[in-house]
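Me: Can you walk me through this one? I want to start with helix packing.

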Amino acid sequence: MKALKTENLELTLDDNVVQMSVTGAIAPESLQSSFDWIETVQSANDNIQLCVEMQSDDFSDLAEASQQFRRVGDVLRRAHDIERCAVVTDSSWLRNSAKVEGAVIPGMNIMAFSPDEADSAGKWLRDEPLLEPEKTEPETAIVTPQSPQKAVEVPPSPPVKPENPWDNFSVKNVDL
């Protein structure tokens, strides 16, 4: 789908993730265009997720950034089929605001990320693991001089069950 670009708003579609970049005040007609664009994308694709990028340097002050984030919230409320939204911003205030938005928009899970966590945001949107699985080293084999060709794997130690001081607790001669 062709990207939507306006003065301070850009929407692109990449692998079922709508990338929304907000770089300043969003004009009302741009906001309406974004509603229509997302609706068209949703009708043509299943399982669309949203990534919103906003940087504090793009706004004159916190009040302007807050106002524009509320407009992004309007987009989120109208995008009924989107289950996940990642907000990538350098502003801790906007990250916290995103958490509040996530609590009040039914059916949408919103998670906030700093710019250096943008890769994690993409993984989260695609439902991929955020952490790489730990690499395990092969079991160490024990080789004895009597049988160097026959290596035996060391079995893992069974879990040690801690003793519970209450195991032998009993109550006698109690009047109820």
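Reply: First a definition: axes are lines fitted to C-alpha atoms, for helices over the stretch in contact, and angles run from 0 to 180 degrees between N-to-C directions. Also note that this is a predicted model.

Me: Fine. At what angle do H2 and H3 pack, and how far apart are their axes?
Reply: Helix H2 (residues 62–78) and helix H3 (residues 92–104) pack at about 30°, and their axes are 11 Å apart. Angles under 35 degrees count as roughly parallel, so H2 is roughly parallel to H3.

Me: Is the crossing right-handed or left-handed?
Reply: H2 passes H3 in a right-handed crossing.

Me: Which residues make the contact?
Reply: From H2, Leu62, Ala65, Ser66, Phe69, Gly73 and Arg77; from H3, Trp93, Leu94, Ser97, Ala98 and Glu101. Six of the residues in this contact are nonpolar, three are polar and two are charged.

Me: New topic. Where is Gln42, and is it buried or exposed?
Reply: Gln42 lies in helix H1 (residues 28–44). Its relative accessible area is 15%, and under 20% means buried, so Gln42 is buried.

Me: What does Gln42 touch, leaving aside neighbours within four places in sequence?
Reply: Gln42 is in contact with Ile48, Ala79, His80, Asp81 and Ile82.

Me: Now backbone. What is phi at Asp15?
Reply: Near 55°, a positive value in a residue other than glycine. Asp15 sits in the loop between strand E2 (9–14) and strand E3 (17–22), and is exposed at 56% relative accessible area.

Me: And what about Asn47's phi?
Reply: Asn47 is not a glycine either, and has a positive phi of about 55°. Asn47 is in the loop between H1 and strand E4 (49–54), and counts as exposed at 52% relative accessibility.

Note on methods: Residues numbered from 1 in each chain as written. Predicted model: local features only at pLDDT ≥ 70, side-chain atom pairs only at ≥ 80, totals over all residues. Heavy atoms only, no water. Helix = DSSP H or I, 4+ residues; strand = E, 2+ residues; numbered from the N terminus. Buried < 20%, exposed > 50% of the residue type's maximum accessible area, 1.4 Å probe, protein only. Contact = heavy atoms within 4.5 Å. Parallel < 35°, antiparallel > 145°, perpendicular 65-115°, else oblique. Left-handed = near helix turned anticlockwise from the far one by under 90°. Nonpolar A, V, L, I, M, F, W, Y, C, P; charged D, E, K, R; others polar.
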